[in-house]
Protein chains: 2
Amino acid sequence: VHLCTGPVFVQGAEPGDVLEIRVIDVLPRPSANPRFRGKAFGSNASAWWGFQYQDLLEEPRPREVVTIYEIDLADDDGIAKAVYNYQWVPQLDPFGTLHPTIDYPGLPVDHSAIKKRFGILNGARIPLRPHFGVLAVAPKEAAIVDSIPPGYFGGNLDNWRIGRGASLYLPIAVPGALFSTGDPHASQGDAEVAGTAIECSMTGLFQLILHKQSSDGPAFLRDLDYPLVDTGEEWVVQGFSYANYLSALGGKAQSEIYNKSSIDLAMRDAFRKIRRLLMTTYDLSEDEAISLISVAVDFGVTQVVDGNWGVHATMKKSIFFHG
Amino acid sequence: VHLCTGPVFVQGAEPGDVLEIRVIDVLPRPSANPRFRGKAFGSNASAWWGFQYQDLLEEPRPREVVTIYEIDLADDDGIAKAVYNYQWVPQLDPFGTLHPTIDYPGLPVDHSAIKKRFGILNGARIPLRPHFGVLAVAPKEAAIVDSIPPGYFGGNLDNWRIGRGASLYLPIAVPGALFSTGDPHASQGDAEVAGTAIECSMTGLFQLILHKQSSDGPAFLRDLDYPLVDTGEEWVVQGFSYANYLSALGGKAQSEIYNKSSIDLAMRDAFRKIRRLLMTTYDLSEDEAISLISVAVDFGVTQVVDGNWGVHATMKKSIFFHG
């Protein structure tokens, strides 16, 4: 569930160039309600598109649940705490449409119709991982693109490693790049199992750097055709079930992708991408790259809820940069 | 490729109890060759059972490659460096059998028949993650069990987080538990893509602690039916394509498992296990557990090469233990 801001037209950006998005800062926005001065709030939905929805133990089944989290901005402890949760009940929107499930971001919830359960989560202190779930340029394959499945153009990556200090590199597919961002998360685990993170209003400060196509530039920028992250300490290579689902799945790609995603496919894609990065950037043979991947690269599950499921491959840059 | 030591009969151990294996230390063994005093060596094979074998870019295809790594035991830098690699060529064993592929651990290699490539891997410094890939008790389902696919009894987990200071908890299935260990690794990445880690002769020091079945004991020990790891800082819940492949796949389970593994299945298993751990250990409702998993639990790919593929779920214990 996300709102987006954009697109930003980048002067001089052309297909074949690479857009670097440097994340200068990501800050939770304080609540505007004077009763909650100095606090920020976020919500997590265990939603119908989550991995758990058809696999619940307790009744009623299926069900959706919203959990509200708070962040005390005065404390520098970098944690979020749960305040209360409630089971979703059908909500009537201001236009008279009934919403039996959580199908629209920002739907006002009638607090008299829900049952809040306080004192939940046993005091759990969730470490913050502030980031934007969506960071995208426009793909060239379609005029109107569903913002949920991520792809070569970035999009709904839902990878918390793209936080403060990180750079995301995206291949530019259309003139002006058309950068969009949104889906701010206070924290998220790898996999984003229930369908959402701690969705939280946040202010992002980004620096956009245009890397013109060049045979002289850094090797990792040449022929980049997928979202690549540099956290400063690590390379994070983003794999998907389909590297480019818009071209791979034909005319109905934007609906088909929801039926054809798998972590197995995303693992294959991530393996091929990190192999290529190692061969081009560090001048390794294929055999050297494969050995290094087996002994020093970690594969994790990025998300299993956005249609085009993700696996990322992470490698410490210190393996090659020695002081 | 692994050799194992065991089984160790644990006095008083009965089915339903839990064996805790505390990893006190894991130390690389120095080379006995006086020319290489103070060094330890390990080998990594990109083998026919690896994820890359049918997916190679360069000729000849397919091929197997062995990479030799060294550790300087005098340096306290905790890294391994590549020395040379070579492509596998058929090897004749001392009994006259020809081995066209790497099909047997410890096969002597005729150094005059291989072509060593030195100066490889561009100075890569691989951080050490010393651990034993195999830590097992005996399953009850079969008298002779293939040591390659892991399962509820532990086995070839290939999870590097079970290193020095970690505890592995395994459900005991037969009288005496019958603990075995082996497959020492100097380092490994999550996924173990090429089929092996840096396989290295190592000395392990383990403390075995028997936890008798009890309704008074810690909640996480009750009804434990899978390998659970406590690294001190994190819970690591081990999921598999099949939680118990020996019972799930019938009489031919030990061959069928190689055709039926998937990361998608292992993700489902890991999700169910961490949900249960959170509900029983921290008294969370299902809704609380699911929200926490979505915002604070990381799912990673343990291995895709051992038959019963693994996904592990990792959660920081500090979320609940506050100072």
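Reader: How many residues does helix 3 of chain A have, and what does it reach from its first C-alpha to its last?

Author: In this predicted model, helix 3 of chain A runs over residues 263–281, which gives it 19 residues, and it reaches 26 Å from its first C-alpha to its last, close to the 27 Å expected at 1.5 Å a residue. At the start of the helix, a side-chain oxygen of Ser262(A) comes to within 3.1 Å of the backbone nitrogen of Asp264(A), while the helix is followed by Asp283(A), whose phi is positive, near 55°.

Reader: Which residues touch the most other members of the largest nonpolar core?

Author: In soluble globular proteins, nonpolar side chains tend to be buried together. Here the largest nonpolar core has 183 residues, and Leu292(A), Phe299(A), Leu292(B) and Phe299(B) touch the most other members. A second, separate core of 10 residues includes Trp88(A) and Ile102(A).

Reader: What area do chain A and chain B bury between them?

Author: The size of an interface is often given as the accessible area lost when the parts come together. Chain A and chain B bury about 5,500 Å² between them, with 54% of it on carbon and sulfur atoms. Asp287(A), Ser294(A) and Val295(A) supply 12% of the area that chain A buries against chain B, more than any other three residues.

Reader: How many salt bridges are found across this interface?

Author: The rule finds 12 salt bridges between chain A and chain B; in one formed by Arg117(B) with Asp287(A), the closest N and O atoms are 3.3 Å apart. Helix 4 of chain A provides the largest share of the side of chain A that touches chain B, namely 10 residues.

Technical notes
Residues numbered from 1 in each chain as written. Chains lettered and ligands numbered in written order. Predicted model: local features only at pLDDT ≥ 70, side-chain atom pairs only at ≥ 80, totals over all residues. Heavy atoms only, no water. Helix = DSSP H or I, 4+ residues; strand = E, 2+ residues; numbered from the N terminus. Expected span 1.5 Å × (residues − 1). Polar contact = N/O pair within 3.5 Å; in protein donor to acceptor, adjacent residues only side chain to side chain. Core = buried A, V, L, I, M, F, W, Y, C linked by side-chain atoms within 4.5 Å. Buried < 20%, exposed > 50% of the residue type's maximum accessible area, 1.4 Å probe, protein only. Buried area = accessible area lost by both parts, 1.4 Å probe. Salt bridge = Lys/Arg side-chain N within 4 Å of Asp/Glu carboxyl O.
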